[in-house]
Amino acid sequence: MLLLYFYLIFTLFLVVPGKKSPIFSHFTQSITGCSSIRAYGLQESVVVESEQKINAHLKVLWASFVANRWLGLFLLIGDVFCFSNKKQ
């Protein structure tokens with residue numbers, strides 16, 4: 001089970017930067033082209049695209065959070081069994 005956790009976390013660490021980078025590049029391009037976006041009236045489409053990129057990033061972060069919580073629970077259960085079977 002621990003190997004599954006390490007595989008999942010390794011995969012997530014590879015995916016997270018790939019999901020964060022489009023957010024920053026889109027934000028930079030939006031700031032740079034602010035006058036053009038307003039001139040063509042594309043504010044709503046820029047906001048929707050930004051929300052889609054943020055949601056994709058949050059899905060990856062949520063998976064990472066769940067994996068970390070699962071590991072914490074797994075270790076807690078292991079500690080309970082380890083210390084409850086300790087001979088006195």
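## Helix packing

Axes are lines fitted to C-alpha atoms, for helices over the stretch in contact, and angles run from 0 to 180 degrees between N-to-C directions. In this predicted model, local features need pLDDT of at least 70 and side-chain atom pairs count only at pLDDT 80 or more, while totals for chains, interfaces and linings use all residues. Residues are numbered from 1 along each chain as its sequence is written, and side-chain values use heavy atoms, with hydrogens and water left out.

H1 and H3 pack with their axes 9 Å apart, at an angle of about 160 degrees. Helices here are DSSP runs (H or I, at least four residues), numbered from the N terminus. The two are therefore roughly antiparallel (angles over 145 degrees). The crossing of H1 and H3 is left-handed: the near helix is turned anticlockwise from the far one by less than a right angle. Residues of this contact divide into 18 nonpolar, six polar and four charged. Ala, Val, Leu, Ile, Met, Phe, Trp, Tyr, Cys and Pro count as nonpolar, Asp, Glu, Lys and Arg as charged, and the others, Gly among them, as polar.

## The largest pocket

The largest pocket has a volume of about 230 Å³. Its lining holds 14 residues. His-26, Phe-27, Ser-30, Ile-31 and Val-46 lie nearest the centre. On a 1 Å grid over the protein atoms alone, a pocket is an open set of points where a 1.4 Å probe fits, with protein on both sides within 12 Å along at least five of seven lines; lining residues have an atom within 4 Å of a point.

Helices H1 (2-32), H2 (34-40) and H3 (43-84) each supply at least two lining residues. H3 gives the most, with six. The lining divides into eight nonpolar, four polar and two charged residues.

## Thr-11

Thr-11 is found in helix H1. Thr-11 counts as partly exposed, at 32% relative accessibility (between 20% and 50%, with a 1.4 Å probe and protein chains only). Thr-11 and Ser-64 are 53 residues apart in sequence. In space they are 9.7 Å apart, C-alpha to C-alpha.

Note on methods: Grid points are joined across faces, edges and corners, and a volume is the space filled by probe spheres set on the points. Angles under 35 degrees count as roughly parallel, over 145 as roughly antiparallel, 65 to 115 as roughly perpendicular and the rest as oblique.
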